[in-house]
Amino acid sequence: MLAVSSKSARIPRAITQSKRALSDLRVLPSGKPAISYGPPGRSATTGHVATVFGCTSFLGRYLVAKLARAGTHVVIPYRDEDEKRHLRVTGDLGQITSLEWDLRRPDQIEECLRHSDIVYNLVGRDYETKNFTFEDVHVKGAQSIATIAAQAGVERFVHVSHLNAAHESPSAFYRSKAVGEELVKEAFPTATIVRPAIMFGYEDRLLNNMAIWPIWWKLNHMKTKVRPAHVMDVAQALSNTLSMHPMPGTFNLPGPSTLTYEYLLSLVSSVTYNPPSTAPVVPQKIALALAKAAQNIWWPMLSPDEVIRRYIDDAEVPGDWDKFGVTPDEIEEHAITYLRRYRSADNFTRPVVFPASRETPSYELS
């Protein structure tokens with residue numbers, strides 16, 4: 001057996017030793033200690049425990065990844081075993097704890113958040129089903145989670161709503177979001193309400209859907225104005241709340257630019273090198289009738305409320321990105337990343353081309 005000198009044997013121990021500071025220990029309002037240790041990054045431990053309801057959603061997967069990568073222990077409540085498997089590898093070994101839950105089971109909600117010092121509520125539905133309506137998810141569900149979090153002594157509560165949440169909105173989706181905000185504030189007065197605009201990313205329902213079903217984005221003659229935000233920017237803003245002082249109130253996170261559906265369709269066409277769609281503009285009444293008929297199919301299709309939302313402009317309110325320490329990216333900066341898959345083999349490596357102007361895009365109606 002090879003002999004190892006005592007000097008060389010002490011080197012690994014010396015390397016792994018690190019000085020501890022008083023700042024590594026933080027006592028939470030609940031009286032529980034939060035002790036951070038380890039090297040910065042994935043293998044670190046911040047001492048914080050976060051529960052992310054809606055972790056399997058489009059935004060949820062990126063929030064979980066950012067929290068876990070920073071060393072936060074993340075509790076991921078799930079309904080379907082297959083939908084949460086990809087989240088297990090977002091953190092180091094033992095960093096991710098998965099618990100099965102049901103929105104109508106207060107005991108399961110309490111079990112998911114009783115050890116957490118911050119709770120994120122990202123639960124939402126783009127369309128109603130026979131089991132869950134907008135009121136069940138955005139109103140009753142949000143109120144239940146906020147109430148149980150307050151009763152359990154959770155220090156921070158972050159609720160994700162929508163930029164267009166309004167009580168007078170013609171969309172039931174937006175109305176339910178507004179009611180849910182009010183009930184969350186009543187149940188958890190110091191809650192942080194975050195209102196992101198429609199988001200784009202790998203699994204989005206914006207750029208991907210425009211590339212596949214452009215006809216449904218021609219509604220309102222493509223004049224609807226939206227302020228798309230990058231999902232990674234929104235996830236980073238939510239992740240930053242963990243290390244910030246409590247921020248009670250409502251904060252808007254719109255994209256940096258206001259764009260029309262016409263420009264976005266033109267952007268998708270120019271980036272993918274696919275010709276503009278020649279599909280006609282469907283009148284609103286016909287679109288609503290088709291959407292209602294599509295509800296008889298068991299898989300998700302365009303819902304009547306989504307048709308109504310295609311006619312509603314995003315709210316023109318100032319963004320609060322600076323309060324979260326984030327500078328949002330323009331959609332053109334990431335368009336090729338998410339749209340290259342829709343290029344043909346001949347055009348796959350061709351240079352990126354954008355529309356000549358945002359004001360006068362070259363997308364032509366049939």
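Modeller: Let's start in helix H7, where Val-231, Asp-233, Val-234, Ala-235, Ala-237, Leu-238, Ser-239 and Asn-240 are buried. "Buried" means under 20% relative accessible area, while exposed means over 50% and partly exposed is in between, using a 1.4 Å probe on protein chains only. Helices are DSSP runs of H or I with at least four residues, strands are runs of E with at least two, and both are numbered from the N terminus. Keep in mind that this is a predicted model: local features need pLDDT of at least 70, side-chain atom pairs count only at pLDDT 80 or more, and totals for chains, interfaces and linings use all residues. Residues are numbered from 1 along each chain as its sequence is written, and side-chain values use heavy atoms, with hydrogens and water left out.

So how enclosed is H7? Of the 10 residues in H7 (residues 231-240), 8 are buried, so the rest of the structure largely encloses this helix.

Now zoom in on Leu-238. Setting aside neighbours within four places in sequence, Leu-238 is in contact with Leu-59, Leu-63, Tyr-120, Val-158, Val-160 and Val-194; contact here means heavy atoms within 4.5 Å. Next along is Ser-239, also in H7, and buried with a relative accessible area of 11%.

Along with Val-52, Leu-59 and Tyr-120, Leu-238 is among the residues with the most contacts inside the largest nonpolar core, which has 34 residues. A nonpolar core is a set of buried Ala, Val, Leu, Ile, Met, Phe, Trp, Tyr and Cys residues joined through side-chain atoms within 4.5 Å. At least two residues of this core come from each of S3, helix H2 (58-69), strand S4 (73-78), S6, S7, H7 and strand S12 (249-253). H2 gives the most, with 7 residues. Another core lies apart from this one: it has 22 residues, among them Trp-101, Val-137, Phe-188 and Ile-193.

Tyr-120 keeps turning up, so let's see its strand. In S6 (residues 118-121), Ile-118 and Tyr-120 point one way, Val-119 and Asn-121 point the other, and all are buried. S6 runs parallel to strand S3 (residues 49-53), joined by 4 bridges, and Tyr-120 is the bridge partner of Val-52. Two strands pair if DSSP finds at least two bridges between them. Strand S7 (residues 156-160) also runs parallel to S6, again with 4 bridges, and there Asn-121 stands opposite His-159. To get from S6 to S7, the chain goes through helix H4 (residues 134-151), and this β-α-β crossover is right-handed. That label means that, with the strands pointing away from you, the path from the first strand over the helix to the second runs clockwise.

One last stop is helix H5 (residues 172-187), whose buried residues pack against H4, S7, strand S8 (192-196) and helix H10 (304-309). The buried residues of H5 include Phe-173, Tyr-174, Leu-183 and Val-184.
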